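Please keep the viewer open while you read.

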Amino acid sequence: MDLSDKNLITYLIKHNYIEESDLKGLEGRSNEEIINTLIEKELLTRKLVLEAIAEENNVRFIDLEVSKPSNEDVLRLPEKFARRYNCVFVKETPKRFLLTTSKVEYLEDIKLKAKEVFKGKTIEVGYSDNNVVNEVLNIYKVSLEKKFQTIERKEYGVASEIFNEVLKEALDLEASDIHFEPQEESVDIRFRIDGVMHEVGSTSRDIFENLINRVKVLSNLRIDDHFSSQDGAIRVKTGDNGIDLRISIAPTINGQNVVIRILSRYIRTLSLNDLGLGEADHKILEEASSRPFGMILTVGPTGSGKTTTLYSVIKKLKDPKINITTIEDPVEYKIDGVNQIQVNLETEVTFARGLRSIVRQDPDVILVGEIRDRETSEIAINASLTGHLMLSTFHANDAATVIPRLLDMGVEPFLLASTLNLIIAQRLSRRICSTCRYSYETSFNELEKFFPDPKKYFNKDQLTLFKGKGCSACNNTGYKGRIGLFELIYITEDIKNVILKNPSSLEVRELATKNGARTMFDDGIEKVKEGLIDIDELIRVAPSEVDSRKIYGYQKEK
């Protein structure tokens with residue numbers, strides 16, 4: 001049992017760490033969100049939770065911040081062993097060796113393996129905070145630049161080793177993308193972490209040419225083509241798991257630019273409860289997705305989590321009694337029990353043609369990767385009319401803009417009014433790191449630097465907000481992971497009547513607001529109050545209601 005284990009809450013209640021009444025209002029949230037909220041409310045402490053996990057696993061809790069081992073002791077464990085099991089050497093006594101781990105599932109494995117390393121003594125393994133263990137293990141960490149210098153002295157396999165080291169570093173930092181960007185004399189390497197780019201190193205152009213060829217060979221691309229864009233995929237074995245990589249190569253004036261998308265493993269287990277929807281929005285999405293027909297659209301820019309939201313709906317709906325079929329470009333995550341079709345322009349399998357085919361495959365639920373044109377939109381709407389639940393993405397800045405844009409594409413108003421169930425607009429914001437998060441007091445005067453009327457959103461003269469200091473757990477950024485900001489427009493009878501009159505986005509927004517809809521900015525404000533995101537992230541991701549002159553003035557002052 002660990003922090004993400006669903007049985008942890010039950011255990012805490014059973015052993016009187018918390019009361020069932022403490023969970024009121026937290027329904028639908030992920031396990032870690034519930035724990036963090038209880039800690040914020042001072043109903044729990046992180047140490048108490050960790051002690052409960054240790055108690056359940058019949059081991060002792062070892063606080064590495066209190067009894068921190070020396071660097072020499074830490075290095076007594078081979079790096080491969082320490083990183084494989086997230087394990088730290090704590091101390092030695094005449095009769096035993098004391099180790100600790102943040103992965104309770106490895107307790108027995110560690111004891112067996114440690115006996116091979118430390119012979120003749122009893123091995124005891126405790127449990128420690130994952131964030132502190134990772135911080136201690138940083139002693140093994142060597143920068144990419146230093147690793148490159150060592151690798152480049154070798155005669156053979158240089159490109160292969162550099163690729164492996166870059167991928168390993170990206171996985172350790174939980175990056176979503178790796179960028180190799182050729183400059184005139186070198187090649188910059190950057191990672192996208194939680195939606196933001198970070199420079200991590202550079203290599204020479206000579207080595208980069210071999211590295212590109214290595215990537216092309218692994219992804220079955222043409223190594224003799226230097227002037228065309230190419231797309232491919234690689235499946236890489238890491239430990240007990242496989243990692244899927246999506247490769248994009250494009251020619252630039254300085255050479256071939258390589259971007260590698262690391263397809264997130266967690267999406268396979270993501271549920272509707274994990275998206276970050278507020279309680280009211282979660283109920284709306286549950287209701288709309290339980291309907292037997294109609295259309296649900298998610299909108300937002302590239303990388304805003306639209307497909308992730310639809311996958312979560314698909315996983316909720318998945319049942320042996322219904323047929324779910326998708327057409328995607330590309331199919332990034334295989335879902336067991338779902339028929340997934342890949343768009344292929346060479347064989348003329350487009351969204352429109354594929355969708356026509358799917359309708360003849362007797363589906364109950366259809367997911368179309370994107371509605372791009374009038375033909376696809378018309379087929380999707382007709383499918384919704386004939387008894388199918390249709391899920392798709394659409395490019396628009398906000399939920400209210402979707403209706404006028406679909407009407408402009410030539411969709412008949414009466415058809416749109418009859419089929420559209422729900423529009424979800426979303427963005428992804430960086431979460432405040434839970435390890436280094438701290439609270440601070442602010443005031444309305446301070447908040448006026450960010451937006452014109454803070455009293456519209458806050459109701460106290462002295463306000464408590466949150467930020468991240470930066471620590472080893474978040475790579476000194478103050479942020480760890482991301483959470484969605486959402487704007488839902490549920491299609492009521494009032495909105496259906498307005499659709500028939502070919503409305504503007506302003507008219508749709510005003511009516512939706514009158515019916516109780518919240519903007520992404522409103523949703524973000526709630527997450528600011530809860531300590532999930534900070535003001536800077538809210539303004540970066542959803543600045544629609546902010547006085548931009550004040551923002552720029554504030555940035556200048558800083």
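The sections below move from confidence to the sheet, its helices and a few local details.

## Confidence in the model

Please bear in mind that this is a predicted model. The average pLDDT of the protein is 86, and 94% of the residues score at least 70. Residues 547–558 have a pLDDT below 50, although this stretch still has 13 contacts in the model beyond near neighbours in sequence. Where pLDDT is low, predicted coordinates should not be read in detail.

## The seven-stranded sheet

Let us begin with an open sheet of seven strands, whose order is β12-β11-β13-β14-β10-β15-β18 and whose pairing is mixed. At its edges stand β12 (339–342) and β18 (479–490); each has a single partner strand, so one side of each lacks a neighbour in the sheet. On average, neighbouring strands are turned by 20° against each other, direction ignored.

Further along the order, strand β11 (residues 324–328) pairs in the parallel sense with strand β13 (residues 365–368) over four bridges. Here T325 has I366 of β13 as its bridge partner.

## Strand β10, enclosed on both faces

How many residues of strand β10 (residues 294–299) are buried? Six of the six are, so the strand is largely enclosed by the rest of the structure. In a regular strand, side chains alternate between the two faces of the sheet. In β10, G294, I296 and T298 point one way while M295, L297 and V299 point the other way, and all are buried.

With strand β14 (residues 389–394), β10 pairs over six bridges, and L297 stands opposite S392. With strand β15 (residues 420–432), β10 pairs in the parallel sense over five bridges, and M295 stands opposite L420.

## Helices around the sheet

Helix α13 (residues 351–359) lies across β11, β12, β13 and β14, and runs at about 170° to β11. Helix α14 (residues 374–385) also packs on the sheet, where it touches β10, β13 and β14; its direction makes about 140° with that of β10.

Now turn to helix α11 (residues 279–289), whose buried residues are D281, H282, L285, A288 and S289. These residues span an arc of only 130° around the axis, which puts them on the same side of α11. A280 and K283, on the other side of α11, are exposed. The cover over the buried residues of α11 includes β10, α12 (306–317), β14, β15 and β18.

## Helix α3 and its surroundings

Helix α3 (residues 46–56) has V49, L50, A52, I53 and A54 buried. These buried residues pack against α1 (7–14), α2 (31–40) and β3 (122–127). Just after α3 comes N58, with a positive phi of about 55°.

## A buried glutamine

Q256 sits in strand β9 (residues 255–262). Is Q256 buried or exposed? With a relative accessible area of 7%, Q256 falls under the 20% cut-off and is therefore buried.

The side chain of Q256 makes two polar contacts to look for: one of 2.8 Å with the side chain of K216, and one of 3.3 Å with the side chain of H226. Beyond its neighbours within four places in sequence, Q256 is in contact with several residues, among them F180, P182, F208, I212, D225 and I249.

How values were computed: Residues numbered from 1 in each chain as written. Predicted model: local features only at pLDDT ≥ 70, side-chain atom pairs only at ≥ 80, totals over all residues. Heavy atoms only, no water. Buried < 20%, exposed > 50% of the residue type's maximum accessible area, 1.4 Å probe, protein only. Helix = DSSP H or I, 4+ residues; strand = E, 2+ residues; numbered from the N terminus. Contact = heavy atoms within 4.5 Å. Polar contact = N/O pair within 3.5 Å; in protein donor to acceptor, adjacent residues only side chain to side chain. Pairing = 2+ DSSP bridges. pLDDT = per-residue confidence, 0-100. Axes fitted to C-alpha atoms, helices over the stretch in contact; angles between N-to-C directions. Arc of directions from axis to C-beta.
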